[in-house]
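Let's take a friendly look at this molecule, starting with its aromatic side chains and ending with its ligand.

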Amino acid sequence: MDVARRGFLRGRFRQVANVPRPPWALPHGAFEAACTRCDDCVKACPTRVIAKGDGGYPTLDFHQGECTFCGDCVTACKPAALAREADAAPWSLKAVISEGCIARQGVECRICGENCEVSAIRFRPTLGGISTPQLDDNVCTGCGACVAPCPVGAVSAVLPMETEQ
Ligand code: SF4
Ligand code: SF4
Ligand code: SF4
């Protein structure tokens with residue numbers, strides 16, 4: 001296989017492997033093998049954060065709401081592609097704040113922090129006087145509650161780089 005094609009396939013694989021799945025999804029590969037693309041998890045989610053994604057597999061969209069970790073999607077998943085084990089983390093999603101954040105450009109805004117129930121976003125004063133958001137990865141649950149309220153779309157919930165394969 002030539003280098004360009006190998007690079008393309010590797011890029012494609014990384015892209016697919018890094019698609020966020022509903023909480024408590026089986027690992028990449030096992031999930032796609034078990035999921036029948038029935039949409040039962042999409043229909044079961046009360047906050048509508050599960051959407052039909054590439055290939056018909058469920059993915060996440062936090063533009064309408066947040067995950068409350070209610071587990072309804074897991075209960076609805078008959079083939080157990082979503083399988084909740086005791087004390088298992090639902091996922092490795094974390095919020096990320098981009099440079100588009102207006103507070104980082106000198107405009108007062110604390111909306112994302114006000115929407116974070118676990119106080120993972122703290123505001124620290126800068127020399128100019130405007131406080132800017134700082135995210136604590138250790139506290140963030142990746143619930144997505146901070147995504148939709150941001151007035152400039154500067155927040156997203158993404159899988160960390162180390163989970164790419
Ligand atoms: S745990 Fe509940 S809120 Fe979160 S994706 Fe599943 S059904 Fe939706
Ligand atoms: S809501 Fe958006 S613009 Fe406002 S502080 Fe948070 S990231 Fe910045
Ligand atoms: S994703 Fe949830 S826990 Fe993380 S910063 Fe946003 S609101 Fe807070």
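## Aromatic pairs

How many aromatic pairs does the structure hold? In this predicted model, there are four aromatic pairs. Take Phe-31 and Tyr-57: their ring centres are 6.5 Å apart and their planes meet at 55°, so this pair is tilted. The pair links distant parts of the chain, 26 residues apart. Phe-31 belongs to helix 2 (residues 30–34), whereas Tyr-57 is in the loop between strand 1 (50–52) and strand 2 (58–60).

Both partners are worth a look for accessibility. Phe-31 counts as buried because its relative accessibility is 1%, under the 20% cut-off. Tyr-57, at 15% relative accessibility, counts as buried too. Tyr-57 also has Arg-37 over its face, 4.7 Å from the ring centre.

## An aromatic cluster

Now turn to Phe-69 and Trp-91, an edge-to-face pair with 5.5 Å from centre to centre and 70° between the planes. Phe-69 sits in the loop between strand 2 and helix 4 (72–76), and Trp-91 in the loop between helix 4 and strand 3 (94–97), so the pair ties together parts 22 residues apart in sequence. Trp-91 is buried, its relative accessible area being 14%.

Phe-69 and Trp-91 also belong to one aromatic cluster, together with Trp-24 and Phe-62.

## Around the ligand

Which residues come nearest to ligand 1? Of the 13 residues around ligand 1, these are Cys-45, Cys-67, Cys-70, Gly-71 and Cys-73. Sorted by class, the shell around ligand 1 has nine nonpolar residues, three polar ones and one charged one.

Methods
Residues numbered from 1 in each chain as written. Chains lettered and ligands numbered in written order. Predicted model: local features only at pLDDT ≥ 70, side-chain atom pairs only at ≥ 80, totals over all residues. Heavy atoms only, no water. Near = heavy atom within 4 Å. Nonpolar A, V, L, I, M, F, W, Y, C, P; charged D, E, K, R; others polar. Phe/Tyr/Trp six-rings, centres within 6.5 Å; stacked < 30°, edge-to-face > 60°. Helix = DSSP H or I, 4+ residues; strand = E, 2+ residues; numbered from the N terminus. Buried < 20%, exposed > 50% of the residue type's maximum accessible area, 1.4 Å probe, protein only. Lys NZ or Arg CZ within 6 Å of the ring centre and 35° of its normal.
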